[in-house]
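Morning, everyone. I have one structure to go through today, so please bring it up on your screens.

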Amino acid sequence: MGKLQSKVLILTICAAGIGGTFQYGYNISIINAPTAYIQTFMNQTWLERTGVPLESDVLLLLWSLTVSAYPLGGLAGALAAGPMAIVVGRKMSLLLNNLFVITAALLSGFSRMARSFEMIMLSRFFTGVNAGVSMNIQPMYLAESAPKKLRGAVALTSASFTALGLVLGQVVGLRELLGGEESWPFLLASNAVPALIQLTALPWLPESPRYLLIDRGDKESCISALQRLRGSGDLGVELEEMLAEQAAAKGQRAKNPWELLRNPSLRWQVLSVVVLSSAMQLCGNDSMYFYAAYVFREAGIPQAKIPYVVIGTGSCELMASVTCNMIIDYAGRRPLLLGGYIFMAGWAVVFMVALSQQTQISWMPYLSMACIFAYILSFGIGPAGVTGVLPTEIFDQLSRPAAYMICGSLLSSSLSTPKFSSLWCHWFVPL
């Protein structure tokens, strides 16, 4: 692969990522910093409307609805991703997806001026839709655009961009930047910036060659896209493989999720996706982010410094996902998945023991803090990235969008994990 073509592939990865899964991680983290300010805004707005302040239970309900709007939108986006990828293509789907997040940015940015907390709720729903679409279409687009020997590593960059968004969201949410009481609407609206970057860059880059040939039957456009991505070298072997898949799919249409579930020949692939996506949902990685501030406070870190230390948790996931990106084609998918989950289970047990004994043993808070970083590292090195890559590799072109609809629908429900974690914490942890 020539230098120019390598640059085209790298630009494709970056342009797809910055407006894709980057937004997923970014929008998860930016809502944390202004929580108290948004709740105060809700209470003040209600007082202005009715003359009566909100009761604490009602305020908690409104905040829960605001938080819940994000995974609900993620589910809607995951269900829409399959049809979008088939009808308008992978690249155009990513471009159109920016309309959701720009709409969300306008709603949240003007919510305080309009004295409407309902605009924040609606904006979180639209950001969820954006996340659901990008989480499913970006790895599909990148895997179909990458050469076979780099397919796993290129598709796995989706996880790296998620972690990068998480870290940058934590940084931008610092009080010194956009996390202050006066600037929180700008913080929530800042997700328009990555969207504008993608809208500027991605149109100049090629569509998925496999989509062009197999779905649209446009051989000339496919060859043109391959030449931009691979160079003018010998494309015969790769093109022959795609032509064979096109011939096998002749006369067929893209499958829907129900057809995948009913097809006996795809039963094991579907079962693999369901099991791994459900494991991602239940592993509770988001719970560690919830516990982090509490554990750091118990370890003696000053309250004013905790937001800076919490950035280290996101940085751990970023480093782990980049490492996984570098070794996935050498270590293999299954060892990374199994190793990640085994280490996560071990660290979770140690963490729970340390959490229950931290009032009796002086050094237990430090062990709890170490467990948080170790758990997040174990998550990032395997499950975080490999789970999203597998549908691109175990399903053919016509089954892949439906497979991602199933995978994305299960994964989107994992966004609600922090709410259950908070309830668990109130019941069992002596705050």
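Let me start with contacts, meaning heavy atoms within 4.5 Å. Among contacts in the chain between residues at least 6 apart in sequence, 81% join residues at least 24 apart.

Two remarks on the source. This is a predicted model, in which local features need pLDDT of at least 70 and side-chain atom pairs count only at pLDDT 80 or more, while totals for chains, interfaces and linings use all residues. Residues are numbered from 1 along each chain as its sequence is written, and side-chain values use heavy atoms, with hydrogens and water left out.

Now the overall fold. The chain has 22 helices and 0 strands; these are DSSP runs numbered from the N terminus, helices being H or I with at least four residues and strands E with at least two. The radius of gyration is 22 Å, close to the 22 Å from the globule rule for 431 residues, so the chain is as compact as a globular protein of that length. That radius is taken over C-alpha atoms, and the rule is 2.2 Å times the number of residues to the power 0.38. Along the principal axes, the C-alpha atoms fill a box of roughly 65 × 50 × 45 Å.

On burial, 54% of the 431 residues count as buried. Buried means under 20% relative accessible area, exposed means over 50%, and partly exposed is in between, with a 1.4 Å probe and protein chains only. The accessible surface of the chain comes to about 19200 Å², and 68% of that belongs to carbon and sulfur atoms. Those areas come from the Shrake-Rupley method with a 1.4 Å probe; for residues, only the protein chains shown count as cover.

Next, empty space. Rolling a probe the size of a water molecule over the atoms shows where empty space is left. How many cavities of 30 Å³ or more does a search of the whole structure find? It finds 1. By cavity I mean a set of points, on a 1 Å grid over the protein atoms alone, where a 1.4 Å probe fits but cannot get out; lining residues have an atom within 4 Å of a point. The largest cavity has a volume of about 60 Å³, volume being the space filled by probe spheres set on the points, with grid points joined across faces, edges and corners.

The lining of the largest cavity consists of N27, I30, A104, A105, S108, S123, R124, T127, L188 and N191. Helices α5 (90-109) and α7 (118-145) each supply at least two of the lining residues. By class, the lining divides into 4 nonpolar, 5 polar and 1 charged. Nonpolar here is Ala, Val, Leu, Ile, Met, Phe, Trp, Tyr, Cys and Pro; charged is Asp, Glu, Lys and Arg; the others, Gly among them, are polar.

One of the lining residues is N27, in helix α2 (residues 21-29). N27 is buried, with a relative accessible area of 0%. Leaving aside neighbours within four places in sequence, N27 is in contact with Y70, V101, R124, T127 and N191.

Moving on to a pair of residues that touch. R210 sits in helix α11 (residues 209-215) and counts as buried at 6% relative accessibility. Beyond four places in sequence, R210 touches E144, R151, D215, E241, M242, E245 and Q397. E245 belongs to helix α13 (residues 236-248) and is also buried, at 19%. With the same exclusion of neighbours within four places, the contacts of E245 are R210, I214, D396 and Q397. E245 and I214 are 31 residues apart in sequence and 7.3 Å apart in space, C-alpha to C-alpha.

I406 lies in helix α21 (residues 400-412). At 14% relative accessibility, I406 counts as buried. Its contacts, apart from neighbours within four places in sequence, are P257, L260, L261, V270 and V274. For I406 and V270, 136 residues apart along the chain, the C-alpha atoms are separated by 8.4 Å.

Last, two partly exposed residues. A80, in helix α4 (residues 56-87), has a relative accessible area of 29%. Phi of R115 is near 55°, a positive value in a residue other than glycine.

Technical notes: On a 1 Å grid over the protein atoms alone, a cavity is a set of points where a 1.4 Å probe fits but cannot get out, and a pocket is an open set with protein on both sides within 12 Å along at least five of seven lines; lining residues have an atom within 4 Å of a point.
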